[in-house]
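These are notes for a colleague who is meeting this structure for the first time. Please read the numbered points with the model open beside them.

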Amino acid sequence: MQTTDHDVVVIGAGFSGLYAVHKFRDQLGMTVAGFEAAEGVGGTWWWNRYPGARCDIESVHYSYSFSDDIQREWHWSERYARQDELLRYLEWVADRLDLRRSFRFAVRVTSLQWEEDAAHWRISTDDGATTTARYVLSGVGGLSKPKVPDFPGVDTFEGELYWTSSWPAEDVDLTGKRVAVVGTGASGIQVIQEIADKVGHLTVFQRTPNYATPLKNHSVAPERSKWLAHNWHEARGNSFASPIGLPYPPQAPSAAAVPADERRRILDEAWDKGGLYLVNTFGDMMWNPETNEVTAQYIRDRIAERVDDPATARLLTPTDHHYATKRPPFETNYYEAFNLDQVDLVDVRSAPIRAVTPTGITAGDVHHDVDVIILATGFDVFTGASLAIPTTGRGGVTLQQKWSGGPRNYLGVQISGFPNLFNIIGPLSIVALYNTPLLIEAQVDFAADAMLEVRDRGARTIDATPQAEQRWVDLVNGVFPISLWSTATNSWFTGANIADKPQGAYVLPIGGPLYWSMYEQTKANGWAGFAIDDQVTPPPPLVRLDPAAALVLANMLNSGFRPLEEYSVEEVRALNEGGVALQASAGGVRTLEPEGTRLRLYVPDRTGSLPIVVFAHGGGFVAGSVDSVDPLCRDLADRLGAVVASVDYRLAPEHPCPSAVEDVTDALRWVRDHGAEFGGDPERVCVMGESAGATLAAVAAQRARDLAIPLRAQVLVYPAIAPGADTDSSREFADGPFLTTAAGRKFWDMYLGAEPAPELASPREGDLHGLAPALVLTVELDPVRDEAEQYGELLRAAGVEVQTTRFDGLFHGTFVMTALVPRAVEMHESVREFLVPRFATEHTPA
Ligand code: N01
């Protein structure tokens with residue numbers, strides 16, 4: 001029988017590989033072999049030794065969090081550590097945890113081959129050896145394969161040529177030399193500002209000006225550093241659960257939400273704090289071009305203040321891409337460097353680099369003589385380093401084939417068909433948009449949990465199912481284009497900085513909270529979306545979200561949304577009122593609030609007498625108002641060509657059942673008697689409601705029948721039907737998204753009050769015969785989905801004409817989100833299609 005040499009092979013000894021060895025070897029008791037191409041540990045911080053290299057996330061945050069000892073024992077000397085300090089830190093961690101003994105250094109992995117019969121990977125290395133392992137943890141890094149620019153003649157250069165991404169370990173003396181720097185990304189900017197006043201002459205070759213903003217680095221006094229180390233819980237706060245993995249204060253939701261002077265104050269404050277605070281100013285920065293432009297213009301103005309020569313300032317000012325759509329670099333006196341006599345800026349857009357010659361660089365028609373060329377031209381990000389290792393998975397399919405059209409994986413960590421292989425900070429995750437060390441720890445932990453699950457089940461393999469992977473790819477490719485990140489040209493976020501690389505979505509911009517919830521749900525649902533040996537579990541609800549709905553949910557979670565049942569009535573009311581921001585509106589609709597009624601009428605600008613829709617808003621019987629659905633009702637009136645009568649019904653718990661039902665029934669009675677006075681046709685009335693409003697509408701439809709109020713239809717948008725309903729969906733979506741089963745129960749309790757009359761509370765309890773035709777709309781990811789659909793069945797059984805339509809990927813509440821969720825508009829259209837024939841003047845009720 002074939003044996004396997006190790007439980008796990010770890011590739012790379014950077015942040016990922018070091019933690020992985022510790023996790024698997026020391027915590028899980030597995031046998032581990034690590035391979036590292038460099039001669040020592042450090043990964044990125046081993047290779048990128050160029051002058052000025054440092055992290056741009058504060059050191060105390062850009063470090064491991066898994067060990068209390070490590071947190072306390074290491075004291076950072078600067079707010080943002082330099083490369084040499086970061087390398088010393090990783091070396092110290094390696095020694096502190098005795099990790100080096102598990103690695104072989106200066107050994108490069110040359111291929112990975114899955115062997116199905118043995119259920120292990122065969123790993124070949126450039127020292128000619130092969131080894132086998134049940135699992136492979138790839139920690140090759142997202143920014144580790146340098147981009148090689150195709151400048152002709154690079155080999156002919158007779159001076160010194162350096163890459164920022166593989167800077168020599170020994171000292172490079174640039175004093176007094178004529179130096180060229182190509183590239184003005186984060187690396188180029190760090191080099192330029194560091195060497196500008198030390199070299200004899202510096203020529204900067206810039207293609208795209210960047211939004212570089214102050215880093216505000218400073219040394220940290222030993223006492224303060226010690227305090228931060230010992231109080232790391234306090235200093236780091238709940239970073240992990242935050243959107244970007246940093247304990248930065250909540251953002252203003254949008255620049256549009258604050259007056260101009262307040263915007264300026266927010267931006268000034270973030271500018272003065274430095275670093276990523278500026279990215280964190282407005283919640284919709286990366287979604288709303290107007291907000292983004294406020295920040296972009298602010299930065300442009302600040303650049304103009306700092307550069308003496310207006311022509312140079314213009315060249316350094318970005319105008320061709322939105323702020324932060326290329327990863328924003330941070331600087332210290334970068335712009336002032338261009339005020340020095342010995343620094344020149346060459347715009348390679350107007351004068352492209354034509355060749356490197358033995359003595360320098362020719363850009364356009366000008367030759368620049370230099371002694372040193374520094375290439376800071378970036379990386380083949382996210383996929384380059386993985387694809388550099390020939391990797392063959394199940395059925396002989398190679399990773400190179402699999403990713404030929406762009407990266408594919410599940411949850412950003414596991415590639416279907418490549419079992420037992422985990423890719424840390426690979427593509428299609430929140431990578432690069434979240435604090436990297438924390439992301440690494442969470443992904444390694446996830447891989448470790450997967451391995452434990454396989455072990456506990458007595459299985460041998462774990463592999464994402466093709467179906468789950470496709471869901472994930474669809475989700476990422478649906479979310480990414482909605483973001484401004486998708487708009488930048490030459491950005492490594494889209495793969496466009498590398499010729500011939502598939503372009504598209506490489507990251508999933510949803511923030512930490514939703515991403516971590518997906519991990520948790522995957523595990524809680526029995527490794528949903530994975531096959532463990534041949535035990536397959538379908539992907540979990542959050543992975544099945546419609547992309548636009550996922551973004552709404554992500555934004556809610558990013559701004560601190562808690563499980564709904566935890567909110568007080570007052571808070572639920574405030575939440576509901578905030579819902580107007582999610583609704584599209586329509587012009588050409590006038591409103592009236594007839595005296596003595598609880599109604600707001602929406603009358604579209606149409607001729608003739610119009611059908612009437614009596615609409616009851618959602619809000620769990622305890623929240624919502626005509627204001628909270630005002631844009632929605634305008635839109636409905638316009639879309640349906642109907643007078644919409646929105647009912648301001650009385651809310652529980654102050655007014656328990658049947659107050660609200662009476663109010664909706666009164667509204668039906670009123671439109672029958674007075675609708676014509678406002679352009680409505682009392683013969684063509686429909687009752688409609690959303691969520692709890694749909695529950696009320698369903699009961700009111702029964703009351704209307706009893707009171708002989710004619711109804712052409714009832715439209716029930718995901719109605720809750722019965723308190724305590726126990727269905728598949730109430731169990732599967734007990735924790736949401738958004739509506740939870742616990743919150744639903746809490747709302748019912750408040751609504752029912754002391755002595756509820758069953759037939760006035762739950763539509764299921766009434767007589768279902770002779771009711772108006774019903775449209776029941778449900779959404780897939782909703783605890784009330786099944787009870788609503790079952791109600792449709794009961795109506796049908798009672799002889800009522802029923803159409804039930806389920807919308808996949810949406811969650812309870814999305815019907816109102818017409819401004820953000822295109823599929824919500826589809827729901828509205830389905831209402832229109834249902835009502836148009838039933839509102840026809842000649843229509844005879846079935
Ligand atoms: O690479 P980049 P980087 N002709 O791709 C230019 C992280 N990082 O190494 O924009 C002329 O950003 C290219 O021009 P253009 C950080 O995440 C972190 O600087 O394509 N120019 C661009 O100006 C960062 O985002 C730190 O028009 C050419 C530059 O080269 C990521 O690493 C420090 C060219 C490449 O910029 C990558 O940064 C450093 C050509 N043919 C890096 N090809 C920290 O502070 C490319 N360019 C933690």
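1. Strand E20 (residues 530–532) and E21 run antiparallel and are joined by two bridges, and within this pairing Ile 532 stands opposite Gln 535 in E21. The strands belong to an open sheet of three, in the order E19-E20-E21, with antiparallel pairing. Its edge strands, each pairing on one side only, are strand E19 (462–464) and strand E21 (535–536). Strands are said to pair if DSSP finds at least two bridges between them, and the element names stand for DSSP runs numbered from the N terminus, with helices (H or I) of at least four residues and strands (E) of at least two. Strands of a sheet pair through backbone hydrogen bonds, either parallel or antiparallel.

2. A word on the basis of these notes: this is a predicted model, in which local features need pLDDT of at least 70 and side-chain atom pairs count only at pLDDT 80 or more, while totals for chains, interfaces and linings use all residues. Residues are numbered from 1 along each chain as its sequence is written, and side-chain values use heavy atoms, with hydrogens and water left out.

3. A parallel pairing is found between E8 and strand E9 (residues 201–206), which are joined by five bridges, with Val 179 standing opposite Leu 202 in E9. Strand E8 (residues 178–182) is largely enclosed by the rest of the structure, because four of its five residues are buried; buried means under 20% relative accessible area, exposed over 50%, and partly exposed in between (1.4 Å probe, protein chains only).

4. The largest nonpolar core has 250 residues, and those with the most contacts inside it are Phe 24, Trp 472 and Val 614. Helix H14 (residues 436–456) gives the most to this core, with 11 residues. A nonpolar core is here a set of buried Ala, Val, Leu, Ile, Met, Phe, Trp, Tyr and Cys residues joined through side-chain atoms within 4.5 Å. A second, separate core of 21 residues includes Ile 11, Ala 133, Ile 389 and Ile 415.

5. Helix H17 (residues 547–558) deserves a careful look. Its 12 residues should span 16 Å at 1.5 Å a residue, and the end C-alpha atoms are 16 Å apart, which agrees; the expected span is 1.5 Å times one less than the number of residues. The helix is mostly covered, with 10 of its 12 residues buried, among them Pro 547, Leu 551 and Met 556. The cover over these buried residues includes helix H15 (466–479), helix H16 (512–524), E29 and helix H26 (822–839). At the N-terminal end, Asp 546 caps H17 through a side-chain oxygen that lies 3.2 Å from the backbone nitrogen of Ala 548, and after the helix comes Gly 560, whose phi is positive, near 95°.

6. Helix H25 (residues 785–797) has 13 residues and reaches 19 Å from its first C-alpha to its last, close to the 18 Å expected. Its buried residues, including Arg 785, Asp 786, Tyr 791 and Leu 795, pack against helix H21 (692–706), strand E27 (713–717), helix H22 (728–732), strand E28 (774–781) and strand E29 (802–811). Just after H25, Gly 799 takes a positive phi of about 90°.

7. Which residues does Thr 325 touch, not counting residues up to four places away in sequence? They are Met 286, Leu 484, Trp 485, Thr 487, Ala 488, Ser 491 and Phe 493. Thr 325 is placed in the loop between helix H10 (310–316) and strand E11 (330–331), and it counts as buried because its relative accessibility is 0%. A polar atom of its side chain lies 2.5 Å from the backbone oxygen of His 322.

8. Finally, the record: the UniProt annotation "domain: Alpha/beta hydrolase fold-3", from an unreviewed entry, covers residues 613–814, and such annotations may be inferred rather than shown by experiment. In the model, the end C-alpha atoms of this span lie 20 Å apart, and the span is 38% helix and 21% strand.

Note on methods: Contact = heavy atoms within 4.5 Å. Polar contact = N/O pair within 3.5 Å; in protein donor to acceptor, adjacent residues only side chain to side chain.
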